[in-house]
Amino acid sequence: MDKTIKRPPKMRYCKKCVYPSSSAVPLAFDENGICSGCKASNQKVDINWGKRLELLKKITDKYKSKDGSNYDCLIPVSGGKDSYFQTYFVTKVLGLKPLLVTYHGNNYTEVAERNLKNMREVFNVDHIIFKPSVEILKKLNLKCFKLMGDMNWHNHCGIFSYPVQIAVKMKIPLIIWGEHGYTDLGGMYSMNDLVEMTRKYRTEHACRGYDWDDMVDKEIGITEQDLLWTKYPTDEEIEELDVRGIYLGLFVPWDANVHVQKMMDEFGWETSEEPFERTYRRFSNLDDMYENGAHDYMKYIKFGYGRGTDHSCKDIRSGKMTREEGIKMVKKYDHVKSKDIQRWINYVGITEEEFDKIADTFRDPHVWWKNEKGEWTKDNIWDEEE
């Protein structure tokens, strides 16, 4: 039996960064082969950040509690580098009294737990941490892995649902998020569009088009009551309170490397004590031990790239890394099958053979094909013709 699979058209890579055309965040390429993410990043140079800050203050002043009877805003936080910077900027620069809200997905690293715990003290803020049932989280991990190849769906849904629930319940209309990922990574919008958080973004992008009712499953024991925290408020509730979610990254210069150093120096934020197997950065995605590992490996399986690519693109665009250096990072990290996969399969109760079999069903045929030996293969950036 012929094990070969027809080879797709040659993969296209951005000529400035290292993103492939198969990116999970949709990309467009111009006539020079530069991706839309790089073009959006280039816009940052021409932005008058002083005027952006004035606009931000005008927005926050509108929502600030006039009599001190409520919080000025709500910040969804994981305890990571970005949420530390968000909280720093909101409290120290804007002078607001925020409520911090965390969705806790049960897989924090030890250092991430310390960072999360310390936020309340170093910023002198109130902080709600919500932890769903561990049994339900395990079931969601496995169900979503089988359904969409993403065991971390619960995290995406949780952080974009539960804080909004709290905003409605506590009548805090202004929510301040960090970066707008689809603009920052792929240039889905212009930096001048000043897009805001919506139900549409939450459902179609963060939640992969799935919602809570897709997760109800009598066979494995997930009921609607188990998923109350996944429900987004109704349009009527949002409109009545005039809930508004803005992205701080569209109003202030955003450079993770600069922010991390400041958060470490001034607020004691900690990076990972151990290096990750699938990326060179030690300061990203500490709130879920599978995000840089098993979850990211699935992105590689699906789209042919991973965190080595993501982080290199960010550093190339900020001028911290050359494209040639980025290609070396991609070659070193993107393909690695990390050890935490074993921990995850034990967590949900399947074998590695079952993991690999399910994973292979999500390989994008525009990326992967089988050679004459029956081995999965793809185009690589280091093979591109000059």
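This note walks through selected features of the structure, point by point.

1. **Ground rules.** This is a predicted model, in which local features need pLDDT of at least 70, side-chain atom pairs count only at pLDDT 80 or more, and totals for chains, interfaces and linings use all residues. Residues are numbered from 1 along each chain as its sequence is written, and side-chain values use heavy atoms, with hydrogens and water left out.

2. **Helix H5, its length.** Helices (H or I, at least four residues) and strands (E, at least two) are DSSP runs, numbered from the N terminus. Helix H5 covers residues 134-148. The expected span of a helix is 1.5 Å times one less than its number of residues. For the 15 residues of H5 that gives 21 Å, and the end C-alpha atoms are 21 Å apart, so the two agree.

3. **Helix H5, its ends.** Ser 133 caps the N-terminal end of H5. A side-chain oxygen of Ser 133 lies 3.3 Å from the backbone nitrogen of Glu 135. Just after H5, Gly 149 takes a positive phi of about 70°.

4. **Helix H5, its buried residues.** Buried means under 20% relative accessible area, exposed over 50%, and partly exposed in between (1.4 Å probe, protein chains only). The buried residues of H5 are Ile 136, Leu 137, Leu 140, Asn 141, Leu 142, Lys 143, Cys 144, Phe 145 and Met 148. What do they pack against? Their partners are strand E2 (98-103), helix H6 (153-159), helix H10 (212-215), helix H13 (294-303), H16 and helix H17 (352-360). Contact here means heavy atoms within 4.5 Å.

5. **Lys 131.** Lys 131 sits in the loop between strand E3 (126-130) and H5. Lys 131 counts as exposed, at 55% relative accessibility. Lys 131 and Asn 106 are 25 residues apart in sequence. Their C-alpha atoms are 7.1 Å apart in space.

6. **Glu 291.** Glu 291 lies in the loop between H12 and H13. Is Glu 291 buried or exposed? Glu 291 counts as buried, because its relative accessibility is 12%. Glu 291 touches Asn 152, Asn 285, Asp 296 and Arg 307, not counting residues up to four places away in sequence. A polar contact is a pair of N or O atoms within 3.5 Å; within protein, one must be able to donate a hydrogen and the other to accept it, and residues adjacent in sequence count only if both atoms are side-chain atoms. The side chain of Glu 291 makes such a contact with the side chain of Asn 152, at 2.7 Å. Its side chain also has a polar contact of 3.4 Å with the side chain of His 295. Glu 291 and Asn 155 are 136 residues apart in sequence, yet 9.8 Å apart in space, C-alpha to C-alpha.

7. **Thr 279.** Thr 279 is placed in the loop between helix H12 (256-267) and H13. Thr 279 is buried, with a relative accessible area of 1%. The side chains of Thr 279 and His 311 are joined by a polar contact of 2.6 Å. A polar atom of the Thr 279 side chain lies 3.4 Å from the backbone nitrogen of Arg 281. Leaving out residues up to four places away in sequence, Thr 279 touches Asn 292, Arg 307, Gly 308, His 311 and Tyr 333.

8. **Two positive phi angles.** Most residues other than glycine have a negative phi. Lys 171 is not a glycine, but has a positive phi of about 55°. Lys 171 is in the loop between helix H7 (162-169) and strand E4 (174-177). Lys 171 is exposed, with a relative accessible area of 55%. Leu 194 also has a positive phi, of about 50°, although it is not a glycine. Leu 194 is found in the loop between helix H8 (181-186) and helix H9 (199-206). Leu 194 is partly exposed, at a relative accessible area of 23%.
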